Amino acid sequence: MDSSNHVSSTMSVEEDAKWLRWVTHQFEIIAGEDREINLQEFKAALKVKESFFAERFFALFDSDGSGTITLQELQEALTLLTHGSPMDKLKFLFQVYDVDGSGSIDADELRTVLQSCLRESAISLPEEKLDQLTLALFESADKDGSGAITFDELRDELERCPGVVENLTISAAHWLTPPAARPRPRRPRPLTAAYWHNHRSQLLCLAAFVGLHVLLFALAASAHRALGASVMVAKGCGQCLNFDCSFIAVLMLRRCLTWLRSTCVAQVLPLDQNIQFHQLMGYMVVGLSLVHTMAHVVNFALQAQSEASAFRFWELLLTMRPGIGWVYGSASPTGVALLLLLLLLFACSSSCVRRSGHFEVFYWTHLSYLLMWLLLVVHGPNFWKWLLVPGLLFVLEKAIGLTASRMAARYIMEVNLLPSKVTHLVIKRPSLFHYRPGDYVYLNIPTIARYEWHPFTISSAPEQKDTIWLHIRSEGQWTNKLYESFKASDLVGSGSKRLSRSLRMRRCQSRPQSVLASDKDFTVDLTTYGPRESPWQGGEGLVYLGTKKGRAQWGAAAQDHGLAPEVPSENHQFCNIKCYIDGPYGSPTRRIFASEHAVLIGAGIGITPFASILQSIMYRHQKRKRLCPNCQHSWTEGVQDEEMKLCKVDFIWINRDQRSFEWFVSLLTKLEMDQAKENQGGCFLELHLYMTSALGKNDMKAIGLQMALDLLAKKEKKDSITGLQTRTQPGRPDWSKVFQKVAAEKKGKVQVFFCGSPALAKVLKGHCEQLNFRFFQENF
């Protein structure tokens with residue numbers, strides 16, 4: 001016992017000494033030659049967005065009021081915050097909020113603090129909402145109704161919220177202490193049961209792939225063992241290349257893969273990893289080609305040195321004179337051309353090219369595979385035999401795709417420019433266009449780029465019969481050009497012809513029941529509509545179809561009729577733009593309906609496949625509902641069918657900023673309304689929203705704001721940030737707690753579906769492997 005205390009004390013002394021050295025070092029860097037820190041230097045050191053907190057912290061650190069902070073003052077303040085008692089830290093927080101130093105916090109001071117908290121968390125709310133937040137927190141804390149919050153009242157208010165005082169202790173040691181070294185995530189061992197459970201099909205296919213290459217190499221090398229080692233290596237690599245260069249195209253036959261996903265083969269083959277295997281085979285082709293070329297170079301060098309040779313080295317390597325090859329001795333020059341073309345294609349396929357806004361470079365150089373196949377047929381005498389079946393499948397798929405996509409042009413009917421440069425397209429759905437939730441299509445818009453096709457997930461549900469939706473994030477040249485082309489056009493639609501066309505389109509798509517108002521200064525159609533067909537349209541509400549000038553008058557007219565108007569964004573327009581669609585193609589998310597407990601995780605615009613899935617899930621879930629004709633009691637049948645075996649769905653959406661939630665807030669609102677009707681067995685669908693730019697309760701600069709948001713959400717039964725019933729959580733999810741909670745619910749086998757950044761995918765995959773969850777990543 002004594003030994004343990006001694007070790008603990010020693011560790012504490014060592015940590016304190018290390019911390020003191022770090023503070024001294026940081027002070028010397030910031031202070032410079034005068035050995036004192038002024039306000040501007042302090043602001044830069046804290047790296048806070050809102051100067052209010054920097055000024056308040058500076059004033060409290062500057063104990064002598066000299067206008068600068070010495071090393072001793074900094075050490076004393078930090079010692080208080082890192083090693084002081086919870087009461088000392090609460091007093092410091094109270095002093096931050098007590099701006100005028102009166103010993104109490106009035107409503108105006110609290111409003112100033114909360115306003116700074118909003119700016120620090122990059123949250124934008126109307127002034128009225130800020131007043132409501134202030135009053136909610138102030139009235140909750142001011143127990144005696146004196147019109148001011150004392151220290152004891154603030155302490156009592158913080159203690160009412162579980163974990164806040166502890167988090168305050170953490171936060172005090174968080175924002176002015178040396179950053180802790182991030183532990184490296186432990187990589188799963190390939191021999192563990194969890195790793196095998198999640199990768200067994202990939203590992204088996206990889207083993208078969210390696211075994212086949214060993215067999216092909218051995219057979220070809222043994223057949224040429226009389227010609228020397230270099231020829232044996234060249235022929236062995238060449239035989240492997242015959243297989244790789246033909247089969248690599250099969251991995252990108254999207255129609256065939258989509259069909260295979262609906263068969264039992266999908267349970268055996270790793271169809272969702274087709275792109276990864278395609279990339280792996282690409283690396284193998286490059287590696288084998290280099291070895292194949294070097295082996296031939298060595299062989300040519302040995303031949304050129306031989307006295308019996310009639311050709312020099314460069315003639316053997318670059319010309320047709322030696323007669324090497326089955327088509328006019330063209331093996332050498334075609335081999336050199338193939339290697340150069342392959343290296344160009346390999347360089348332009350790197351992620352730095354594809355992800356840096358130069359997708360067109362990747363796209364056009366990748367089309368050189370057709371020339372490579374032609375050169376390979378001429379280069380190798382047996383390659384055409386290997387290419388026969390894969391090539392026939394490839395030609396058939398391309399022919400069907402071109403015929404289907406070019407048979408009839410589609411038209412973009414509506415465009416809505418959303419925050420963070422997201423373009424929402426509403427396209428008229430073809431009559432024979434059948435797809436499943438989560439599927440994607442290739443889109444071509446001739447006015448943007450005549451020959452370019454880009455893949456995008458369909459964000460509307462298959463049950464939506466008339467239109468399909470695409471949400472496109474501007475990240476490359478083509479997507480940026482798409483967004484800017486609509487942004488540059490007249491989105492308000494004040495022209496008479498444009499407005500007339502918009503009215504005609506609207507009336508064709510909807511079921512008008514009554515025209516309620518009009519005015520000579522603005523065109524208004526206060527009409528009730530049927531089911532929603534756009535993010536802002538319909539639902540027995542009102543849609544504004546006039547010009548910007550008449551918005552205020554129109555809103556007043558709608559209220560006079562006791563109806564809530566729904567005003568579209570100024571960035572919304574109706575159009576009639578020709579486009580072509582190739583697809584639909586299947587994705588890993590097709591497995592969702594065969595899951596028992598599905599966890600859907602979307603990061604940013606990664607929500608697009610889940611937007612379609614969530615709508616379809618709720619539609620199918622509603623089909624299970626039954627209504628008693630006598631008592632009108634409703635219930636949901638617990639029997640699962642082949643279409644959907646889901647017992648529980650958790651949807652997690654992570655966004656960087658507040659405005660990104662506007663992309664699908666209407667959809668989530670409808671899902672919550674449908675979910676509110678469920679009253680048995682708990683929630684079938686749970687929403688979890690996270691905003692990473694918002695500071696959490698573990699940060700001293702956001703405790704008051706998060707408490708106020710919680711209080712107002714309980715009072716109004718909706719979140720102040722999104723307007724949804726689900727409370728938006730600040731910061732990033734604690735994935736360990738999230739998955740532990742999912743496992744504890746025991747709703748069946750858990751499958752996790754993710755669409756977002758590869759970095760986050762690695763983190764999620766590691767957690768899933770630890771808990772034996774199946775993990776699927778959207779990838780096309």
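Below are legends for several close-up views of this predicted model.

The model is predicted, so local features need pLDDT of at least 70 and side-chain atom pairs count only at pLDDT 80 or more, while totals for chains, interfaces and linings use all residues. Residues are numbered from 1 along each chain as its sequence is written, and side-chain values use heavy atoms, with hydrogens and water left out.

**View A. F243 and W386 form an edge-to-face aromatic pair.** Rings of Phe, Tyr and Trp (its six-membered ring) pair if their centres lie within 6.5 Å; planes under 30 degrees apart are stacked, over 60 edge-to-face, and the rest tilted. That rule gives 21 aromatic pairs. In this one, the ring centres sit 6.3 Å apart and the planes make an angle of 80 degrees. F243 belongs to helix α11 (residues 229-247) and W386 to helix α19 (residues 383-406), so the pair ties together parts that are 143 residues apart in sequence. Helices here are DSSP runs (H or I, at least four residues) and strands are too (E, at least two), numbered from the N terminus. F243 is buried at 14% relative accessible area, and W386 is partly exposed at 27%. Buried means under 20%, exposed over 50%, and partly exposed in between (1.4 Å probe, protein chains only).

View B. Y283 is exposed, with a relative accessible area of 52%, whereas F346 is partly exposed at 36%.

**View D. The peptide bond from G583 to P584 is cis.** Its omega is near 5 degrees. P584 lies in strand β8 (residues 572-585). Most peptide bonds are trans.

**View E. A122 has a positive phi, near 60 degrees, without being a glycine.** Most residues other than glycine have a negative phi. You'll find A122 in the loop between α6 (107-120) and α7 (127-141). A122 is partly exposed, with a relative accessible area of 36%.

**View F. K717 is not a glycine, yet its phi is positive, at about 60 degrees.** K717 is in the loop between α25 (703-716) and β14 (728-730). With 65% relative accessibility, K717 counts as exposed.
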